[in-house]
Number of protein chains: 2
Amino acid sequence: MEITNDNNPDFFRTQCIVHNLKITPQRILIYNELTGAKNHPTVDNIYRSLHEKYPNISFDTVNRTLLTFYDIGLVDIIESPGSQRRFDPNKENHHHLHCIKCGKIIDFTSSELDALSIPLEVGKHFKVLQKRVVINGICEDCQKKTAGL
Amino acid sequence: MEITNDNNPDFFRTQCIVHNLKITPQRILIYNELTGAKNHPTVDNIYRSLHEKYPNISFDTVNRTLLTFYDIGLVDIIESPGSQRRFDPNKENHHHLHCIKCGKIIDFTSSELDALSIPLEVGKHFKVLQKRVVINGICEDCQKKTAGL
DNA sequence: TTGACAAATAAGAATTATTCCTATATAATA
DNA sequence: TATTATATAGGAATAATTCTTATTTGTCAA
C-alpha cells in the first residue's frame, strides 16, 4: 500500500518519526502553514504569517525547518527565477507554468501529464520521488501588455 | 520555418536585434560562455571564468545580462534548491533529475518526454516557449551512502 | 564617416537573503 | 522523571543580488 498525504491526518507525524525528527510545535505550525498556503510561498512569507500569531518564532527556525522538510521529501523547492526560494507542499500532482515576463508561477493539473512514464534507464539509477512538467513562456496578462507594441 | 539555435551561427545576433538589444562585446562573451558551459552555472561561475580572461568585466554586467537573456527567452533559469540562481542555455530539449540530498542536477534526454503534449487549455492562455520534465529524488551516490543505515 | 543619443557598462555601495553561532529549552526515551 | 540528543531564539555573519552614478559605446541618421 502506498502512503499518501491524503486521508491521513497523521501523515506529518509519521514522516517525522520515520526520519528521526522530533515533533515540535514549530514544525507542526510550519507544516500547517505551508500546506495551507497558496502560490508557492517564500521562507519570508511563511515566517511573517506565523510571526503574527506566534511572535516568538524565529526566521532561522522557519528557514531551517523548511529545508529539513525538503530533505525528507515532504515539500518541494520549485524553479524560481526570483531571488528567494519558493516552497511547494508536494501533496498532489501538479505542473507549473512560468511566466518569464512577470515571474508568476501558475499551477495546472493534467491527468495525462501525471501519467507520463519515466524512461527505464532513469529509474535504474535514480530513486524517483516526484515528477513535474515545467513550462516556460508568457502568461495571458503579459501577452496583452506586449500586444500593443 | 522554425528558428532554432542549431545550424544558425547568427542566432544570438538575430535575437538581440529582434529584442532591441545592442550587440556588445560583453553580451557576446557571456552568451558564448554560457552556451559552452556544462552543469547549469551560477552567475558567479560565469563571472569568474570570464573575469580570468577579461579582468574588466563586472559582476553586475554578467548578472544583468543573464537576466536579460532570460527575459527574452534565450536562456533558462532552472529549479534550484541552492541559494544561487542557476542558468541553462535552452538550446536543446532536455530534462532534469534533482537529487534532494546532494543538490546535484543531472540532465537526461528522452525523445518520448520531448514529445509530450501540452493540454490544449494551457496553450490557449499561455504562450509556451519551452517545456521540461523535472524529477525530484535521490541520486545513485546518495542512495549508496544511506544504504548502510 | 561622423555626430547625437539612447542604451549599456564598471565600480562600488546598498540592500536583501541565507546561514551560522551559542546559550537555552524541549521532545523522546528509558 | 531524569537524561540526552536535538531543536530553538536571537542576533551576528556571510553570501547573493540589485541599485546608483559617472562614463563609455553601439546604432542610426545625416
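Colleague: Which atom of DNA strand C lies 3.1 Å from a polar side-chain atom of Lys22(B)?
Modeller: That atom is a base nitrogen of DNA strand C. This is a predicted model, in which local features need pLDDT of at least 70 and side-chain atom pairs count only at pLDDT 80 or more, while totals for chains, interfaces and linings use all residues. Residues are numbered from 1 along each chain as its sequence is written, chains are lettered from A and ligands numbered from 1 in the order in which they are written, and side-chain values use heavy atoms, with hydrogens and water left out.

Colleague: What does Gln26(B) approach on DNA strand C?
Modeller: A polar side-chain atom of Gln26(B) lies 2.8 Å from a sugar or linking oxygen.

Colleague: Changing topic, where is His96(A) placed?
Modeller: His96(A) is in strand β3 (residues 95–99) of chain A; strands are DSSP runs of E with at least two residues, numbered from the N terminus.

Colleague: And is His96(A) buried or exposed?
Modeller: His96(A) has a relative accessible area of 0% and is therefore buried (under 20% relative accessible area, with a 1.4 Å probe and protein chains only). Its side chain makes a polar contact of 3.2 Å with that of Asp88(A).

Notes. Helices (H or I, at least four residues) and strands (E, at least two) are DSSP runs, numbered from the N terminus. Buried means under 20% relative accessible area, exposed over 50%, partly exposed in between (1.4 Å probe, protein chains only). A polar contact is a pair of N or O atoms within 3.5 Å; within protein, one must be able to donate a hydrogen and the other to accept it, and residues adjacent in sequence count only if both atoms are side-chain atoms.
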